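Thanks for coming. I will take a few minutes on one protein chain, starting with the overall picture and ending on a single residue.

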Amino acid sequence: MWEPIYTQLGIAEYSNNEDIEKHYKKLVKAFHPDMALSEEAKKEFEKRMTEINEAYTEIKKERGL
């Protein structure tokens, strides 16, 4: 049902909550806009962070976290 949301984070729907949180934190570190090396990359990182945060919020809501 929520496959696209899980796909946004690059995880399987059957992943446990701890693994999802670990992977989310890993993505946040990797795509934080401060890590971008150019203004163009920064814009892409900001877009990706929005997608990551929205997906994580939906997963937490779905799982009641």
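One term before anything else: a residue is called buried when its relative accessible area is under 20%. Please also keep in mind that this is a predicted model.

With that term in hand, take I52. Its relative accessibility is 0%, so I52 counts as buried. I will come back to this residue after the overall layout.

The protein chain has 3 helices and 0 strands. Along the sequence the pattern reads α-α-α. The chain has 65 residues, and 28% of them count as buried. The accessible surface is about 4,800 Å², with 53% of that belonging to carbon and sulfur atoms.

On charges, there are 11 positive and 14 negative ones, and their mean positions lie 4 Å apart.

Now contacts along the chain. Taking those with a separation of 6 or more, 50% are between residues 24 or more positions apart.

Next, helix α3, which covers residues 39–63. Does its length fit what we expect, or what span should we look for? At 1.5 Å a residue, its 25 residues should span 36 Å, and the end C-alpha atoms are 36 Å apart, so the two agree. After α3 comes G64, with a positive phi near 70°.

Which residues of α3 are buried? They are F45, R48, M49, I52, A55, Y56 and I59.

In soluble globular proteins, nonpolar side chains tend to be buried together. Here the largest nonpolar core has 13 residues, and those with the most contacts inside it are L9, I11, I20, I52 and I59. Helices α1 (3–9), α2 (17–31) and α3 each supply at least two residues of this core. The largest share, 5 residues, comes from α3.

Back to I52, which lies in helix α3. What does I52 touch, not counting residues up to four places away in sequence? The list is L9, Y24, L27 and F31. As for K25, 27 residues apart from I52 along the chain, the C-alpha atoms of the two are separated by 10.0 Å.

Note on methods:
Residues numbered from 1 in each chain as written. Predicted model: local features only at pLDDT ≥ 70, side-chain atom pairs only at ≥ 80, totals over all residues. Heavy atoms only, no water. Helix = DSSP H or I, 4+ residues; strand = E, 2+ residues; numbered from the N terminus. Expected span 1.5 Å × (residues − 1). Buried < 20%, exposed > 50% of the residue type's maximum accessible area, 1.4 Å probe, protein only. Core = buried A, V, L, I, M, F, W, Y, C linked by side-chain atoms within 4.5 Å. Contact = heavy atoms within 4.5 Å. Areas by Shrake-Rupley, 256 points an atom, 1.4 Å probe, with all protein chains shown as cover. Lys, Arg positive; Asp, Glu negative; His and termini not counted. Charge placed at Lys NZ, Arg CZ, Asp CG, Glu CD.
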